[in-house]
Amino acid sequence: MDNPILSAINQTFFTVSHAVEAVPGSAIAISYIKNSYQNDPFRVVLELGLAIYAVKYMLSKTYRIDHTHIPLTEKEIDELVAEWQPEPLVQPLSGIKKMELEKTQIIVGAQGPKPKVQSTGQNMMNLASTNFLGYLTNEDMKTKAIETLHNYGVGSCGPPGFYGTLDVHINLEQDIARFLGTEATIIYAQGFSTISSVISAFSKRGDIIVADEGCNFAIQKGTQISRSAIKWYKHNDMADLERVLQSIQKETTVNKKRPLTRRFIVTEGLFQNSGDIAPLDKIMELKHKYKYRLILDESSSFGVLGKTGRGLTELYNIPAKEIEMIVGSMANTLASSGGFCAGPKEVVDHQRLSGQAFVFSASIPAMLTVCASEAIKMLESGEGDQLLKNLNENTAAFQKVVKTAPQVIEINSDARSPILHLRFPESALAAAGVKSRDDENYLLQAIVDEVAAKDNLLITRAKYVDHQELFLPRPSIRISLSTSHSRKDVEKAAQAVKASFIHVTASRK
């Protein structure tokens with residue numbers, strides 16, 4: 001070759017190619033590159049352009065996006081640092097929040113129907129706990145829990161799908177399924193996250209959820225994280241529920257190209273925020289008529305409603321197998337921890353991989369699992385029937401007393417509900433000059449404090465996450481009745497609460 005430059009280039013390429021070929025596997029890589037570029041010439045242009053841009057970017061000078069930068073001297077920087085005041089990590093407490101911290105009673109020692117409180121050192125009658133059937137102080141359950149603690153230790157140390165499942169967990173799932181009459185059950189470690197996890201496991205973006213406005217905070221969170229289309233109907237208003245279902249049906253009919261979606265009705269059995277009961281028979285009619293699936297949260301009604309405590313399905317004589325998902329808490333009636341979802345086997349199995357609170361949380365400690373199983377066995381026995389009878393009698397006795405003062409006490413809770421919400425009527429608030437929500441809370445807290453000081457009663461105002469509640473309920477005093485209290489104690493407590501309502505209202509006029 002006459003041209004020395006071309007000869008040098010050719011010699012360089014020859015040397016480089018021999019060096020590359022000497023690398024093991026280089027022949028395969030070279031063949032792959034040749035074939036790729038031969039079959040896709042556009043790729044050559046694109047990669048060449050990216051390579052040129054990368055080289056240009058690496059060689060370019062640095063520059064500031066913020067052109068308003070003002071250089072400061074060391075003295076000016078020190079002065080600014082000295083003047084800087086960090087913002088608080090949390091917002092200052094409001095007056096009502098400060099009051100809650102100051103007034104909250106602290107229980108010393110074990111829970112029970114009459115625990116000791118730190119403020120006075122005295123035992124107070126507990127009407128604030130959801131220990132409906134008194135299982136918290138059941139000696140047989142305590143004995144079983146201690147035995148299990150010795151055999152299994154404190155915790156499972158892992159999620160259910162990763163060495164966290166024990167034989168007692170499987171036994172509890174079978175116990176709940178047998179008790180309710182469903183094909184299968186899955187248990188969760190946290191009661192609050194159970195319903196929110198169940199909803200989001202099945203309802204996704206584009207699906208439709210029709211929910212009651214009176215649903216609790218956990219259900220609201222579950223609907224939000226599902227990212228589904230949420231439609232709310234007025235609390236326990238079946239006419240409004242049908243109106244919502246009809247409007248959705250019309251939208252679907254007009255938009256025929258809309259993809260097929262999953263549709264759910266979500267409601268509570270016994271509403272935590274009001275104490276009333278969902279009309280399950282009417283909901284089932286609408287569910288079948290408009291072809292929806294039903295998610296029923298029985299966290300407050302499980303173990304309480306129905307002849308044997310099987311909940312709303314037993315109360316309305318509706319087979320549990322007709323409901324796709326029955327969700328419940330084991331932290332209330334069963335005196336344990338966590339929650340469950342009962343239904344068809346396919347529904348349960350799906351949650352073992354898609355239920356976030358199941359997959360990513362450590363399973364329930366064995367001793368609490370055994371306590372829940374023991375509680376269910378007691379409910380199935382004659383002992384459970386007697387406890388439910390006593391609970392219903394205590395509920396009726398308390399309601400009978402407070403309903404004799406309708407001028408100062410408003411109660412909309414169902415006659416069969418052990419959860420009662422006591423409120424001031426609008427007329428009483430107007431007469432007392434109450435114009436704001438905080439004023440109403442202060443007035444209710446005065447009742448809580450008065451019965452605690454005079455009658456040794458432990459009651460509480462209903463607490464909410466005000467700024468996150470979608471439908472914030474009116475302030476109220478929440479009473480949770482228990483079979484652990486005698487009929488005489490319940491009537492005496494009701495008289496004390498009624499007298500305090502009258503006294504506090506009169507003092508503001």
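Biologist: Which strands does helix α14 lie across?
Modeller: Helix α14, residues 345-354, lies across β4, β9 and β10, and runs at about 30° to β4. Keep in mind that this is a predicted model.

Biologist: What makes β4 and β6 edge strands?
Modeller: Start with the sheet: seven strands form an open sheet in the order β4-β10-β9-β8-β7-β5-β6, with mixed pairing. β4 and β6 each pair on one side only, and that makes them the edge strands. From one strand to the next, the twist averages 20°.

Biologist: How do you know that β5 pairs with β6?
Modeller: Two strands count as paired if there are at least two bridges between them. Five bridges join β5 to β6, and the two run parallel, so β5 and β6 pass that test. For instance, alanine 229 in β6 is the bridge partner of isoleucine 208, and tryptophan 232 is that of alanine 211.

Biologist: And what joins β5 to β7?
Modeller: Four bridges, again in the parallel sense. Here isoleucine 208 has arginine 263 as its bridge partner.

Biologist: Why is β5 called mostly covered?
Modeller: Buried means under 20% relative accessible area, and five of the five residues in β5 are buried. Ile208, Val210 and Asp212 point one way, while Ile209 and Ala211 point the other way.

Technical notes:
Residues are numbered from 1 along each chain as its sequence is written. This is a predicted model: local features need pLDDT of at least 70, side-chain atom pairs count only at pLDDT 80 or more; totals for chains, interfaces and linings use all residues. Side-chain values use heavy atoms; hydrogens and water are left out. Buried means under 20% relative accessible area, exposed over 50%, partly exposed in between (1.4 Å probe, protein chains only). Axes are lines fitted to C-alpha atoms, for helices over the stretch in contact, and angles run from 0 to 180 degrees between N-to-C directions. Contact means heavy atoms within 4.5 Å.
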